[in-house]
Amino acid sequence: MINLEEKQERVLLAGVELQNTADSFVSQMTELSDLAKTAGALVIDQFTQKRERPDARFLIGSGKLEQIRWAIEVGEVDTVIFNERLTPRQNVNLENALGVKVIDRMQLILDIFAMRARSHEGMLQVEQAQLNYLLPRLVGQGIALSRQAGGIGSKGPGESKLEMDRRHIRKRIEDIDKALAKVEKTRETMRKKRNQSQIFKIGLIGYTNAGKSSMMNALVGDKKQQYERDELFATLDATTKLVQLHEDFTVSLTDTVGFIQNLPTELIKAFKSTLEESANVDLLIHVIDASNPHHEIHEQTVLQIMKELDILSIPVLNVYNKMDLATGEFAPTIAPAIQLSVKTDEGIQWLRTAILEKLYECFEHFEVKLPYANAYKLPELRKIALVQNVEERDEAYLVSGLIASELSWKLDGY
């Protein structure tokens with residue numbers, strides 16, 4: 001019989017708690033363990049150390065380094081994963097000292113994104129981020145790189161293997177930039193069409209594994225389900241679907257990649273166009289995992305990224321999800337907010353009601369007179385507005401209700 005555990009990469013986790021990271025350090029190490037498991041690794045143990053400042057050579061002190069070296073031998077460990085971002089030199093020093101592969105949190109997240117990317121655009125974005133991360137980590141060969149400068153010693157085999165690797169990576173990054181520029185043009189065209197369409201746009205935003213994909217599936221309710229699973233970064237690609245919220249009233253619902261603490265800058269840059277989908281909506285639904293003990297830190301992470309994306313001015317409906325899994329007396333830290341579980345029929349009905357109530361706050365009142373000859377336009381009006389009353393008066397229909405201010409110009413055609 002095959003032992004599945006023997007196939008898993010055996011890893012140790014390591015982290016340094018500094019004064020400015022003390023508040024979130026425990027949650028970061030818990031998250032690092034979850035990330036390692038998401039990548040398919042078997043976590044053997046973890047080591048942490050409090051320091052005033054990171055060690056320039058190894059990040060950690062020599063005593064802690066020796067403890068990790070001993071644990072590697074005893075536990076037959078394949079890889080050590082550090083919570084902090086390692087400099088290229090620290091990475092090399094640690095691998096030489098420990099005798100096993102060493103990666104940091106950033107590289108681990110990049111690897112998971114590479115596993116999860118399914119669309120052509122997503123794969124290109126992840127590859128670009130990985131190459132940008134790798135380029136400064138190609139360790140130089142010292143004087144060997146001077147061959148291209150001419151002079152004594154410049155003859156012979158030509159450029160070094162290292163320089164060929166660097167040239168190849170830079171060329172590949174340029175090719176990906178061109179390919180993504182074409183994809184972005186297509187995305188921008190689609191975005192303009194949505195902005196010009198007679199539809200209200202809602203976006204899901206939140207920490208990774210908060211339940212955004214489950215919420216989209218519950219609201220859409222069709223057979224073309226968004227991939228959902230209880231794991232970090234289950235979905236990466238932005239997905240937009242139509243949802244009938246009330247009778248014929250229809251909105252577009254967009255799900256984007258989830259956020260995480262210390263999201264690598266390479267990924268923010270690579271996924272900029274995808275993340276900007278959140279900036280082109282009329283209402284944001286901030287999904288929060290109520291069952292996670294560190295949800296308050298997650299909330300602050302999302303709010304900080306929203307600030308960086310300049311979308312704090314967009315109306316927000318805060319939703320604490322997974323209340324069926326929350327333990328103890330739950331205390332929400334963001335108000336106003338609703339609490340539910342989209343895995344229950346009651347929860348999804350409550351969510352629909354809460355979205356409509358939020359729209360009542362954001363929408364403006366309208367009243368139009370439809371002659372009987374234009375009665376065929378009423379069904380279309382019901383799709384873009386919340387029609388509350390229809391009366392027959394003077395051989396016409398007097399229609400009143402609520403509509404988004406940015407769509408009110410459409411009423412001129414009625």
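## Ring pairs and helix contacts in a predicted model

Four aromatic pairs are found in this structure, which is a predicted model. A pair of aromatic rings is described by the distance of the centres and the angle of the planes. One of the four pairs brings together Tyr 320 and Phe 330, with centres 5.1 Å apart and planes at 70° to each other, an edge-to-face arrangement.

Now let us turn to the helices.

| Helix pair | Residues | Angle of the axes | Distance of the axes |
|---|---|---|---|
| α3 and α4 | 62-75 and 88-98 | roughly 55° | within 10 Å |
| α5 and α6 | 105-116 and 120-134 | about 155° | 9 Å |

How do α3 and α4 lie relative to each other? Their axes cross at roughly 55°, and that makes α3 oblique to α4. On the α3 side, the contact is made by Leu 65, Ile 68, Arg 69 and Ile 72; on the α4 side, Leu 94, Ala 97 and Leu 98 meet them. Sorted by class, this contact has six nonpolar residues, one charged residue and no polar ones.

Helices α5 and α6 pack at an angle of about 155°. Angles over 145 degrees count as roughly antiparallel, so α5 and α6 are roughly antiparallel to each other. The crossing of α5 past α6 is left-handed. Which residues in α5 meet α6? They are Met 106, Gln 107, Leu 110, Asp 111, Phe 113 and Ala 114. Their partners in α6 are Val 126, Ala 129, Gln 130 and Tyr 133. Seven residues of this contact are nonpolar, two are polar and one is charged.

Next comes Leu 135, placed in the loop between α6 and α7 (161-196). Setting aside neighbours within four places in sequence, Leu 135 touches Arg 166, Ile 169 and Arg 170. Leu 135 and Pro 88 are 47 residues apart in sequence, yet their C-alpha atoms are 9.9 Å apart in space.

Finally, how confident is the predictor? The protein chain has a mean pLDDT of 86, and 88% of its residues reach 70 or more. Two stretches stay under 50: residues 1-5 and residues 140-158. Beyond four places in sequence, the model has two contacts for residues 1-5 and 15 for residues 140-158.

Technical notes: Residues are numbered from 1 along each chain as its sequence is written. This is a predicted model: local features need pLDDT of at least 70, side-chain atom pairs count only at pLDDT 80 or more; totals for chains, interfaces and linings use all residues. Side-chain values use heavy atoms; hydrogens and water are left out. pLDDT is the predictor's confidence in each residue, from 0 to 100. Contact means heavy atoms within 4.5 Å. Axes are lines fitted to C-alpha atoms, for helices over the stretch in contact, and angles run from 0 to 180 degrees between N-to-C directions. Helices (H or I, at least four residues) and strands (E, at least two) are DSSP runs, numbered from the N terminus. Angles under 35 degrees count as roughly parallel, over 145 as roughly antiparallel, 65 to 115 as roughly perpendicular and the rest as oblique. Ala, Val, Leu, Ile, Met, Phe, Trp, Tyr, Cys and Pro count as nonpolar, Asp, Glu, Lys and Arg as charged, and the others, Gly among them, as polar. A crossing is left-handed if the near helix is turned anticlockwise from the far one by less than a right angle, and right-handed if clockwise. Rings of Phe, Tyr and Trp (its six-membered ring) pair if their centres lie within 6.5 Å; planes under 30 degrees apart count as stacked, over 60 as edge-to-face and the rest as tilted.
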